[in-house]
Amino acid sequence: MTDIHNQPHFQKIDNPKARSFKGNEFPIAYILERSQDTNSDSILELLKSKAKSGFFTDALRKNGAILLRNLGTTNPEVISKYIKAIGEYSNLKLFDQNGTLAQRHDITDVLTTANEGPPSNTLYQHNEFSRFTDYPTTLFFVCTKYEQGKTKGGNTPIVHGGELFEKLKAADLKKLDELARRGVYFKQVWNLNSDNNTSWRDKYTFGRNIVGYDEKGETFWKVEGLENQKLEAEKIVKDKVSPLFEWDSDDNLVVHQHTKAIKSYEGKYPVVFSSLPTFYASIARTSRLAGRTDLIRYGDSDTEYIPNDFLDLILDTSIEIHFG
Ligand SMILES: [Fe+2]
């Protein structure tokens with residue numbers, strides 16, 4: 001007879017710092033109970049069967065985020081197998097990243113670095129690619145480099161978009177309503193040349209069909225000639241990012257993005273789904289995006305800026321209610 005407690009299994013754990021939204025913990029936390037010699041294959045089987053049963057999908061719908069502890073590895077190859085098992089058996093599709101403003105590199109076929117800026121940079125709340133027409137529904141955050149006692153920082157705080165909406169509604173209903181009605185307009189520039197892999201020809205901006213990498217990691221052009229390369233980039237811009245764009249006289253790509261900042265979560269409740277806090281912070285409180293992102297305007301106006309006091313409120317509220 002097999003004793004269930006000898007098999008690896010997830011046990012719900014207390015998460016005292018969790019936020020609470022509509023009575024549900026954000027995030028909900030589980031520890032993987034396992035013996036010292038549990039191998040990655042048996043963990044993989046557990047993840048597959050839990051995913052098949054809807055464990056991850058249901059928890060994400062209800063809680064918004066799941067924290068898994070004690071998976072016992074920082075090996076990116078093993079973690080990638082775990083992610084693929086959860087994703088595939090939860091019926092998720094792999095998302096291609098396009099239009100990033102941060103330098104990213106592949107770690108495995110499903111993992112990339114998220115940001116390679118100095119540790120002193122704080123990135124504030126944003127919904128990944130939310131200012132574009134195509135964005136992911138589910139994100140995995142993992143740690144692939146960790147040294148006990150030495151590693152500091154690197155944590156990824158998260159914010160519940162439903163809680164952010166409720167807090168802003170209580171603080172300034174009028175401006176929130178105006179934001180919901182009018183949406184957001186971002187104007188952003190991807191230069192022809194870049195010193196941190198964020199030219200429009202790079203893989204994770206608009207260049208996945210333009211640039212390739214050989215076995216040595218050297219880059220080569222899949223498509224030769226600037227005009228042909230522009231046509232390839234334009235396909236991705238139109239398809240995934242925004243129908244409105246132009247090329248300036250220096251062959252830099254200028255993209256106009258008109259999106260909603262408030263969305264309905266599966267028809268259940270409104271959420272703030274935007275990149276406002278991080279872009280506002282990067283523009284107003286640091287000069288990190290100088291020349292790359294214009295001040296943020298209402299979506300129905302080329303000239304009317306969202307007031308700074310409201311953007312301050314959104315940013316400060318997102319900091320106040322973060323987890324992690
Ligand atoms: Fe991000």
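Begin by selecting Ala 261. Beyond its neighbours within four places in sequence, Ala 261 is in contact with Leu 179, Gly 183, Val 184, Val 272, Phe 273, Ser 274 and Leu 276; two residues are in contact if their C-beta atoms, placed from the backbone, lie within 7 Å. A nonpolar core is a set of buried Ala, Val, Leu, Ile, Met, Phe, Trp, Tyr and Cys residues joined through C-beta atoms within 7 Å. A residue is buried if 20 or more other C-beta atoms lie within 10 Å of its own, exposed if 12 or fewer, and partly exposed in between, with C-beta atoms placed from the backbone.

Two remarks on the model are needed here. Residues are numbered from 1 along each chain as its sequence is written. The model is predicted: local features need pLDDT of at least 70, side-chain atom pairs count only at pLDDT 80 or more, and totals for chains, interfaces and linings use all residues.

**The largest core**

Next, select Ala 261 together with Val 272, Leu 276, Tyr 280, Ile 296 and Leu 311. These residues have the most contacts inside the largest nonpolar core, which has 25 residues. At least two residues of this core come from each of helix H4 (161-182), S6, strand S12 (269-272), helix H7 (276-285) and helix H8 (308-320). Helices (H or I, at least four residues) and strands (E, at least two) are DSSP runs, numbered from the N terminus. H4 gives the largest share of this core, five residues.

**Helix H8**

Now select H8. Its 13 residues should span 18 Å at 1.5 Å a residue, and its end C-alpha atoms are 18 Å apart, which agrees; the expected span is 1.5 Å times one less than the number of residues. Which residues of H8 are buried? They are Leu 311, Ile 314, Leu 315, Thr 317 and Ser 318. Seen down the axis of H8, these buried residues fall within an arc of 165 degrees, so they line one face of the helix; the arc is that of the directions from the helix axis to the C-beta atoms. They pack against H4 and H7. Turn to the face away from the buried side to find the exposed residues Asp 309 and Glu 320.

**The sheet**

Select S9, S10, S6 and S13. In that order these four strands form an open sheet with antiparallel pairing; two strands pair if DSSP finds at least two bridges between them. Strand S9 (244-247) and strand S13 (297-298) are the edge strands, each pairing on one side only. Strand S6 (residues 184-190) is joined to strand S10 (residues 253-259) by seven bridges, and Tyr 185 stands opposite His 258 in S10. S9 and S10 pair over four bridges, with Leu 244 having His 256 in S10 as its bridge partner. Five residues lie between S9 and S10 in their hairpin, and Asp 251 in the turn has a positive phi of about 65 degrees.

**A loop residue**

Lastly, select Ser 301, in the loop between S13 and H8. Is Ser 301 buried or exposed? Ser 301 counts as exposed because it has 12 C-beta neighbours inside 10 Å. Ser 301 and His 258 are 43 residues apart in sequence, and their C-alpha atoms are 9.6 Å apart in space.
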